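Here are my notes on the model you passed along.

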Amino acid sequence: MPREHAVHDEHDEHHSLPQLRHHFETEEQQREAGSFGMWLFLLTEIMFFGGMFMAYLLYRNWYYPAFAAASNQLNVPLGAINTAILITSGFFMALGVWAAEVRKKSTLVLMLVLTAVFGLAFLGVKSDEYYEKYEKHHIPGNSFNISEFVNPPINAKTGKPTEEPLMPDMAQKTQVFFFLYFAMTGMHAFHMIIGLFLLVWLIWRAQRGDFTSGYVAPIENFGLYWHFVDIVWLFLFPLLYLINRHPFK
Amino acid sequence: MSATTIVSLPDQATAQMPKRSYLNNEHGLLSWLLTADHKRIGMLYLLSITFFFFIGGAFAGLIRLELLTPQPDLVASDTYNKFFTMHGIVMIFLFLVPSVPATLGNFLLPIMIGAKDLAFPKINLLSWYLYMAGGIFTLASLVLGGVDTGWTFTTPLSTHYLNTHVLTTATAIFIAGFSSIFTGLNFIVTIHRMRAPGMTWFRMPLFCWSQYAASLLMVLGTPVLAIAIVLLALERLFGIGVFDPAKGGDPLLFQHLFWFYSHPAVYIMILPGMGVISEVISTFTRKRVFGYTAVAFSSVAIALFGFFVWAHHMFIMGVSNYSALVFSLLTMLVAVPSAIKIFNWAFTMQKGSITFETPMLYAFGFIGLFTIGGLTGIFLGSLGMDVHLTETYFVVAHFHFVMVGGMLMAFLAGIHFWWPKLTGRMYPESLSKLAAVVTFIGFNLTFLPQFVVGYLGMPRRYHAYPAEYQVLNVLSTAGATILGVGYMLPILYLGWSLKYGAIAGNNPWQATGLEWQIQSPPLTENFLETPIITHEAYDYEWLEEKMKLEKQEVTHVG
């Protein structure tokens, strides 16, 4: 879009922020460039995760029984709780952006702290889930154990197995599921850890009052990043935990 | 524009070096290493990619030396594998991908659209550091003993069968990839948000359009390469089985992910070069580029089609026949926008007042060699021919015609064309014409025989071959030697010109671009005041009017 002929009335000059960089004509241009850049960066992130989603869809199609059985081993309550935690974290982030825009410093700091706390809680639950995988020998590698998939436990009431038993060949393919589970949730968690470090830095700057005098771009752009990480999880949760849920009666 | 406007060239004897410019605005090594000035970062890139070009070139020389004789006599076979791997990795990731965008693009793009800098100057500097980190990792793997996967990292060879420094090199490419992502991101945001008043999309020089198209590919393609490399590294480190058939994985998936980037990557390499050629041809024919809009959109079309042809690298790898047919057809489509460019350049020259300065010679070289490279690409894109020719020297010759004959020619055209703007000094004209001709002859002697030897069936990536191929291989090695001379010459005389070259003045070519309307070398802030654009790109009548108006004015500062 061609910009209008740069307008420099006195009003603008008077209020120009100290954060206006020399190579931008106006604050608006700087803010638009920043958020446009952030959206583009998120586009590259979509392509980055896209490779793993591609692998997931391919192998799910190939090894459907193994993926169903392995997916049933994931802890849905924990996953659901984590989803709620992450959405709450995203909610506080959104409130944080609002607080910066209406220039309420203490509210902004509080909201960013809450965002970080819920983010940490997510990672705590996630590590608990990882530990569960370790105990059940579901971590791919030499200790990976397929016996549970070949000989599922017998339900005491019905006397039937709780899951469809898999042939050993197919049962091996549950490892592919867990590779992808760890790769995808691990990459997601890695993005959250980076986000938490950024949050600490933003909180430190926010309590100095950097973002409550009209310069809200960093908070907005970080908000975009944080919501993007949320959205990745909102795809991971149903794909990994839900869509194969108990096809076997 | 129907009539051709001939603008008289200025008297260079009266030109003076401006007292203040981006080069002497600050002094000291740190002022360069911590600079946020897009022009200085462009120069940093120019130095570093030249360094890596000569490393990659040295490996090319060693490869040709080994192939001088049919016997495997110079080096052992696994050493030879390391040679062509390092040649490919260095040339592709450390030279061709960043060549024009990161040097000339960095320097010129903001000036061409009338901006003071790229949108994110610090990220621009960061991308140079990432590039250097990638380069250092590559050098580390080289010093530690090299890598022999080929630049394609084919699985399961790279994950299971080799004990060379695959991880170090993979890290290098991962890091260098982010350098390219950030450059692309910066360019796109800059073009969208930083254009000067009046600089509409269709008033931008075609150079900007081609940078824009290449940036789209960098931003959308490179992350896929990054994740493919991450998965490859995880597979090698922890034995995860995403690509390992023994564990249920699919090696073809790696090929899909890899070529989803690496095919568009060849357009990342060639599109910016095409942008250079548009500028050069317009300037030295003194005409507006014929079919400006078509040339602009053909860049975008190449970028778009480029994403839907990757599987033509995999015709013999067991993809389904039906998808192979579709990909073959889509591959043909890329030829359409490429041909649009070639024809439009030809029509630009028709009835133009052509002069044969060095950049123009390189541009002629580009058009000829790129046409051959592109047409042989159609051979390879057609399914039946590809099955016969794939993995032979025909493929090697094809992509060297596009990458070296095309892109390197364009890069050299651009470097010569904008050298006066970059440094404020002229290169020696006759010597550089000699270099252009030597390069052209050396190139053809190197790679034309490879079409023949490939068609006869000599496979690529072997260090020994049947004796009947020797004559053609000797020709090729002789050509490579001449080519090497052709590349050494510019280094020498461009270095010489930094101190002894004639003072260029603002606009030695009488070109219309905004970059030629400011002093050379430019000021750190590029423009004294934000320009307001009222004319189309390549408007030589506008330039003539402007020249008349400021006949005796001194336009530079100081």
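1. Ground rules first. This is a predicted model, so local features need pLDDT of at least 70 and side-chain atom pairs count only at pLDDT 80 or more, while totals for chains, interfaces and linings use all residues. Residues are numbered from 1 along each chain as its sequence is written, chains are lettered from A and ligands numbered from 1 in the order in which they are written, and side-chain values use heavy atoms, with hydrogens and water left out.

2. Aromatic pairs. Rings of Phe, Tyr and Trp (its six-membered ring) pair if their centres lie within 6.5 Å; planes under 30 degrees apart are stacked, over 60 edge-to-face, and the rest tilted. The count over all chains is 69 aromatic pairs. Take Phe178(B) and Phe182(B): the ring centres are 6.4 Å apart and the planes at 50°, so this pair is tilted. Both sit in helix α7 (residues 166-193) of chain B, four residues apart, and so about one helical turn separates them. Helices here are DSSP runs (H or I, at least four residues), numbered from the N terminus.

3. How covered is that pair? Buried means under 20% relative accessible area, exposed over 50%, and partly exposed in between (1.4 Å probe, protein chains only). Phe178(B) is partly exposed at 22%, and Phe182(B) is buried at 14%.

4. Chain A has an aromatic cluster to look at; its members include Tyr56(A), Phe67(A), Phe122(A), Trp233(A) and Tyr241(A).

5. Charges over rings. The rule wants NZ of Lys or CZ of Arg within 6 Å of the ring centre and within 35 degrees of the ring normal. Lys173(A) has its charged end over the ring of Tyr63(A), 5.4 Å from the centre.

6. Ser278(B) is buried, at 1% relative accessible area. Beyond its neighbours within four places in sequence, Ser278(B) is in contact (heavy atoms within 4.5 Å) with Leu206(B), Val289(B), Val295(B), Trp345(B) and Tyr538(B).

7. Asn344(B), in helix α11 (residues 321-349) of chain B, is buried too, with a relative accessible area of 8%. Leaving out neighbours within four places, its contacts are Phe290(B), Gly291(B), Ala294(B) and Val295(B).

8. Cis peptides. Most residues other than glycine have a negative phi, and most peptide bonds are trans. Thr155(B) and Pro156(B) are joined by a cis bond, omega about -5°. Thr155(B) lies in the loop between α5 (121-144) and α6 (157-161) of chain B and is buried at 4%. Another cis bond joins Ser520(B) and Pro521(B), with omega about -10°; Pro521(B) is in the loop between α16 (470-500) and α17 (540-549) of chain B.

9. Positive phi. Gln510(B), in the loop between α16 and α17 of chain B, has phi near 55° and is buried at 1%. Tyr538(B) also lies in the loop between α16 and α17 of chain B, with a positive phi of about 60° and 4% relative accessible area, hence buried.

Conventions
Helix = DSSP H or I, 4+ residues; strand = E, 2+ residues; numbered from the N terminus.
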